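Have a look along with me, and I will jot down what I looked up as I go.

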Protein chains: 2
Amino acid sequence: MGSTSGAAKQDTPVAEGTRPARRRLSVDQRREELMAAALELFSKRDAEGVSIDEVASAAGASRALVYHYFGGKQELYVAALKSAAAQLEARLRPMESGCPLDELASGLRRYFDFVEEHAAGFAALLKGGPASRSGEIGGIVDSVRNRLFRLVMRQIGVHEPGPVLRITLRSWMASVETAGLDWLEHRDLERTELEGMLVGQMVALLRAAADRDPQAGQLLGDLVGGNAP
Amino acid sequence: MGSTSGAAKQDTPVAEGTRPARRRLSVDQRREELMAAALELFSKRDAEGVSIDEVASAAGASRALVYHYFGGKQELYVAALKSAAAQLEARLRPMESGCPLDELASGLRRYFDFVEEHAAGFAALLKGGPASRSGEIGGIVDSVRNRLFRLVMRQIGVHEPGPVLRITLRSWMASVETAGLDWLEHRDLERTELEGMLVGQMVALLRAAADRDPQAGQLLGDLVGGNAP
């Protein structure tokens, strides 16, 4: 290790003037393009059936460039998933809008913005992925779920959820994930309707949990305040 | 195709009397043993790291026998998952106990019986599995989810769920799945408590959905009857 300075920028291509200048892109931009093309293809077909040539062609790059940047298809796939995961997490950072129920609704809106804009990548991420060498894909998906869970925990100000609250929140997150995949498949409900439904699910699940766990009851109180729907 | 008569029984081993008789098992029993051993191993470690030799050894069989019955590790893995899925489905067929809420509770009990008895197989099935050639593993998981969804639909007497009810029921099924994995990981809640919680979630989710969809409202009425919790 130590020989690849992964994050180092090389914005100035060597001997640029001597090449047939198609488009001048930085290394990062080129990588992004390749990953976007890859995600699009990987989510439409099984990754086994997608060739490096197709990815290169879709991004207007050469096969050699894909190998140069990523080393191989599996590495490209993993890089593309990690990039999509990072985008999702960045987008879900709390906006501190004030009212917790508005914050929840706003978080869901940003989540479904991501789902809609990156439909292919989202499906690729959550369908469990194709051939995963050493379970790497499953590891990425699990790690995203865990980080989103901690994000939700932080946002609601809970440090040590008891079993009932933990399961309730994980259940709700699974609902949101499932609803996202269902929506991409059917698109027979308005997004605003779907988002409202999922806010309603969170309140309903907390209310059910509150019967068993005071922590859930308190969270419900914080969430809906005086105006219980 | 047509050359492999997959389901054909060969209960009488050829020249049985001439072998050192360790244990006499039918082909089906031997297959079952190999699959059970495989599921146990595959769920504890990444399947990439499990060798055919280990599976054979765990089942007290020879490496050659595993290849003879399954052809290879991927085929063994797929066969083991399909077997686990079939067991789960068989167990969830409705008992027609009468009251829908009791039936739901009874179905959940049988589901968690399965989760508990086949913990390793359940985790292997739902963690998305290891390297899946041609997305076969993901296909099995999706197909089980779809069949369980139709089972639930049939049981509640709904033929054409609208979007709100469909998403609500898929959300709940995702909750149950997530709760099962969480329970296997933490085991910090009594099973009966967890099952009761998930019945409560179904009622809560239907109640939230009923605001948007009369079909969900009717189902809620059928489920809880006069005694809404």
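**Entry 1: a threonine and its contacts**

I began with A:T168, setting aside its neighbours within four places in sequence, and found it in contact with A:L205, A:L206, A:A209, B:M197 and B:Q201. A note to myself before going on: this is a predicted model.

Where does A:T168 sit? I found A:T168 in helix α8 of chain A, which covers residues 163–186. Is A:T168 buried or exposed? Its relative accessibility is 0%, so A:T168 counts as buried. I also looked up how A:T168 stands to A:L34: the two are 134 residues apart in sequence, and their C-alpha atoms are 39 Å apart in space.

**Entry 2: the threonine in chain B**

Next I turned to B:T168, which lies in helix α8 of chain B. B:T168 counts as buried because its relative accessibility is 0%. Leaving aside neighbours within four places in sequence, I listed its contacts as A:M197, A:Q201, B:L205, B:L206 and B:A209.

**Entry 3: helix α9 of each chain**

I then looked at how helix α9 of chain A (residues 191–210) packs with helix α9 of chain B (residues 191–210). Their axes are 9 Å apart, at an angle of about 140°. That angle makes α9(A) oblique to α9(B); I checked the cut-off, and roughly antiparallel would need an angle over 145 degrees. The crossing of α9(A) and α9(B) is right-handed.

Which residues make the contact? From α9(A) I wrote down A:G200, A:Q201, A:A204, A:L205 and A:A208, and from α9(B) I wrote down B:G200, B:Q201, B:A204, B:L205 and B:A208. Sorted by class, the contact of α9(A) with α9(B) has six nonpolar residues, four polar ones and no charged ones.

**Entry 4: α5 and α8 within chain B**

I moved on to a packing inside chain B, between helix α5 (residues 100–117) and helix α8 (residues 163–186). Here the angle is about 40° and the axes are 11 Å apart. That makes α5(B) oblique to α8(B), since roughly parallel is kept for angles under 35 degrees. I noted a right-handed crossing where α5(B) passes α8(B).

On the α5(B) side, the contact is made by B:L104, B:L108, B:Y111, B:F112, B:V115 and B:E116. On the α8(B) side, I found B:W172, B:V176, B:E177, B:G180, B:W183 and B:L184. By class, the contact of α5(B) with α8(B) has nine nonpolar, one polar and two charged residues.

**Entry 5: the core**

Which residues touch the most other members of the largest nonpolar core? Of its 140 residues, I found these to be A:Y111, A:W172, B:Y111 and B:W172. I followed up A:Y111: apart from neighbours within four places in sequence, it is in contact with A:L88, A:L92, A:F122, A:L126, A:V176 and A:E177.

**Entry 6: B:V224**

B:V224 lies in helix α10 of chain B, residues 214–224. At 6% relative accessibility, B:V224 counts as buried. B:V224 and B:L34 are 190 residues apart in sequence, and 44 Å separates them in space, C-alpha to C-alpha.

**Entry 7: chain A as a whole**

Last, I stepped back to chain A, where I counted ten helices and zero strands. Of the 229 residues in chain A, 47% are buried. Among the contacts in chain A with a separation of 6 or more, 62% come from residues 24 or more positions apart.

Notes: Residues are numbered from 1 along each chain as its sequence is written. Chains are lettered from A and ligands numbered from 1 in the order in which they are written. This is a predicted model: local features need pLDDT of at least 70, side-chain atom pairs count only at pLDDT 80 or more; totals for chains, interfaces and linings use all residues. Side-chain values use heavy atoms; hydrogens and water are left out. Axes are lines fitted to C-alpha atoms, for helices over the stretch in contact, and angles run from 0 to 180 degrees between N-to-C directions. Helices (H or I, at least four residues) and strands (E, at least two) are DSSP runs, numbered from the N terminus. Angles under 35 degrees count as roughly parallel, over 145 as roughly antiparallel, 65 to 115 as roughly perpendicular and the rest as oblique. A crossing is left-handed if the near helix is turned anticlockwise from the far one by less than a right angle, and right-handed if clockwise. Contact means heavy atoms within 4.5 Å. Ala, Val, Leu, Ile, Met, Phe, Trp, Tyr, Cys and Pro count as nonpolar, Asp, Glu, Lys and Arg as charged, and the others, Gly among them, as polar. A nonpolar core is a set of buried Ala, Val, Leu, Ile, Met, Phe, Trp, Tyr and Cys residues joined through side-chain atoms within 4.5 Å. Buried means under 20% relative accessible area, exposed over 50%, partly exposed in between (1.4 Å probe, protein chains only).
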